[in-house]
Amino acid sequence: MTARSGRHGEGREGEGRAGGSSHGGGSRGANGPRGGGDRGEGDSRVPRERGGNSRGDLRAGGRGTSRGPARPTLRVFTTTLWEYPSQHYTSESGSMQGDKEYVGATPSWVIWQLLQRYTREGDLVVDPMCGSGTTIDVARDLKRRALGYDLSPSRSDIFRADARKVPLENAKADFVFIDPPYSTHVDYSDDPRCIGKLDAGGEDDGRAYYDAMEGVIGEIARVLRPKRYMALYVSDSFKKRAGQRASQSFMPIGFELFDLLRNHFTPIDIIAVVRHNAKLERGNWHKAAEEGNFFLRGFNYLFIAKKES
Ligand SMILES: C[S@@+](CC[C@H](N)C(=O)[O-])C[C@H]1O[C@@H](n2cnc3c(N)ncnc32)[C@H](O)[C@@H]1O
């Protein structure tokens, strides 16, 4: 079953990325996972009017329109707890970042924060699992260059490549952002190399998933320039499995990937990004979590790390 057919809404909790949002043109994502599923909360609350100021990419304009209030002003966050006010920001051009219908799209606010802090104009930003292209769009808004790769490109400016073998020379990227599959909750494509087909709580205790992610992280280290930064956005996962060990229900993906990152990078910080997810607002999920004595995922990790040499 694919994300298009609703798998994402099945009775499990865990991956739940934050929201989905609208891509104005609607022409992207023809090949990508679609359906919105449980990721639509962000945009249902977010008005669509365009705003902007003379600085171009920072503001939503102060006033609302007949379509609703303006999106809030983009500001650099200063603590390690990020709660973004909408899935997407409003750019001066009015263009959207990524694709609202893409299941698992990254909140563009998160990428904006990172590029503001860790890149400069003209820098090359690389996303080896680019999905609906959010990273490319944010990078362009901020006048950075961008290269996006994915096994299943959703638009023509994303190159088809396995994130374990990116067609880029060593030490070319000034910044790498990546938001990988968190185990098997979303069916991204039919490509057997898709890491979203590897179960982080499977019979092999997630070995295949973590081995694959080790390959991805090693490749990020190869393409990143020394003294430059990368960020990985990820969530732990919980999937109730009848008759299985508790360790197979909870998958501490965040800690495991952080451990892998340390083989190549110096940790710079860990941000907790509050998840916005329609499921989290549904009473029946909270009831199930209470009755089943498990927790709903309330945040994503954002690991920021530096390649020293
Ligand atoms: C969470 S989505 C990325 C979302 C993206 N940041 C966005 O905002 O749209 C994860 C992506 O990883 C891709 N992917 C999975 N395995 C891959 C692999 N081995 N190499 C490259 N991309 C892969 C999937 O096709 C999917 O697009």
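Let's start where two helices touch: Ser108, Ile111, Trp112 and Leu115 of α2 meet Thr134, Thr135, Val138 and Ala139 of α3. Sorted by class, this contact has five nonpolar residues, three polar ones and no charged residues. Keep in mind as you look around that the model is predicted.

Now for how the pair is arranged. Helix α2 covers residues 108–118 and helix α3 covers residues 134–141, and their axes come within 9 Å, crossing at roughly 45°. The two are therefore oblique to each other. The crossing in which α2 passes α3 is right-handed.

Is Thr119 buried or exposed? It's buried, because 21 other C-beta atoms lie within 10 Å, and 20 or more is what it takes to count as buried. Setting aside neighbours within four places in sequence, Thr119 is in contact with Val125, Arg144, Asp174 and Phe175.

Next, the ligand. It's surrounded by 24 residues, and the closest are Met129, Gly131, Ser132, Thr134 and Ala163. You've already seen Thr134, as one of the α3 residues that meet α2. The shell around the ligand is made up of eleven nonpolar, nine polar and four charged residues.

Last stop: helix α6, residues 283–291. This helix is hardly covered, and of its nine residues the number buried is zero. After α6 comes Asn293, which has a positive phi near 55°.

Conventions: Residues numbered from 1 in each chain as written. Predicted model: local features only at pLDDT ≥ 70, side-chain atom pairs only at ≥ 80, totals over all residues. Near = placed C-beta within 6 Å. Nonpolar A, V, L, I, M, F, W, Y, C, P; charged D, E, K, R; others polar. Axes fitted to C-alpha atoms, helices over the stretch in contact; angles between N-to-C directions. Helix = DSSP H or I, 4+ residues; strand = E, 2+ residues; numbered from the N terminus. Parallel < 35°, antiparallel > 145°, perpendicular 65-115°, else oblique. Left-handed = near helix turned anticlockwise from the far one by under 90°. Contact = placed C-beta atoms within 7 Å. Buried ≥ 20, exposed ≤ 12 C-beta atoms within 10 Å, placed from the backbone.
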